[in-house]
Amino acid sequence: MNQTAEQELRPEAIALRNEYAALDDKLSNRYIELDPQGYFIIYVDRDAKLICADHFSNVINDKGLACDPETGEPLPCNGSLKRLPTATFRGRTAKELCIEIFEKAQPCPISHLDHAAYLGREFVRAEMALLSGQDYVQD
């Protein structure tokens with residue numbers, strides 16, 4: 001938000017926005033059961049004006065960690081392991097991307113409803129970043 005728009009917000013709105021941001025941060029750090037169908041890396045392709053989601057397979061070990069299906073080794077969260085996606089989905093909007101993944105992909109690469117809800121939220125954030133020109137960083 002630019003400084004002019006910030007100055008136009010009432011103090012109550014600023015306090016509420018900060019409260020919600022703190023709640024969002026807290027909820028982002030909760031334990032979640034990982035989807036055995038895999039995970040997605042979401043990014044914006046500005047040249048093509050698309051939201052993209054690369055799907056990667058995984059297995060979940062007895063400790064609840066996502067592991068490489070070929071090696072059984074836990075997958076690092078820092079992106080140091082380079083893997084090829086099992087599929088890449090693209091859409092101009094969050095809704096179009098959700099339809100590609102949840103309605104057209106057979107079989108659907110999602111098995112947990114909380115994972116689907118998370119992806120929907122992230123696709124909307126990516127769409128907003130695409131439209132506003134801001135950077136998108138996946139939560």
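This is a predicted model: local features need pLDDT of at least 70, side-chain atom pairs count only at pLDDT 80 or more; totals for chains, interfaces and linings use all residues.
Trainee: What makes the pair of Tyr39 and Phe56 stacked?

Mentor: The ring centres of Tyr39 and Phe56 are 5.2 Å apart and the planes are at 15°. Centres within 6.5 Å make a pair, and planes under 30 degrees apart count as stacked, so this pair is stacked.

Trainee: Why is the pair of Tyr39 and Phe56 said to tie together separate parts of the sequence?

Mentor: Tyr39 belongs to strand β1 (residues 39-45) and Phe56 to strand β2 (residues 50-56), so the pair links parts that are 17 residues apart in sequence.

Trainee: Why is Phe56 called buried, and why is Tyr39 called partly exposed?

Mentor: Buried means under 20% relative accessible area, and exposed means over 50%. Phe56 has 8%, so Phe56 is buried. Tyr39 has 24%, which lies in between, so Tyr39 is partly exposed.

Trainee: Why is the pair of Phe40 and Phe89 called tilted?

Mentor: The planes of Phe40 and Phe89 are at 50° and the centres 6.2 Å apart. Stacked requires under 30 degrees and edge-to-face over 60, so the pair is tilted.

Trainee: How do you know that Arg125 and Glu122 form a salt bridge?

Mentor: The closest N and O atoms of Arg125 and Glu122 are 2.7 Å apart, and the cut-off is within 4 Å. Both residues lie in helix α4 (residues 113-132), 3 residues apart, about one turn of the helix.

Trainee: What makes Glu122 buried?

Mentor: Glu122 has a relative accessible area of 3%, which is under 20%, so Glu122 is buried. Arg125, at 36%, counts as partly exposed.

Key. Residues are numbered from 1 along each chain as its sequence is written. Side-chain values use heavy atoms; hydrogens and water are left out. Rings of Phe, Tyr and Trp (its six-membered ring) pair if their centres lie within 6.5 Å; planes under 30 degrees apart count as stacked, over 60 as edge-to-face and the rest as tilted. Helices (H or I, at least four residues) and strands (E, at least two) are DSSP runs, numbered from the N terminus. Buried means under 20% relative accessible area, exposed over 50%, partly exposed in between (1.4 Å probe, protein chains only). A salt bridge is a side-chain nitrogen of Lys or Arg within 4 Å of a carboxyl oxygen of Asp or Glu.
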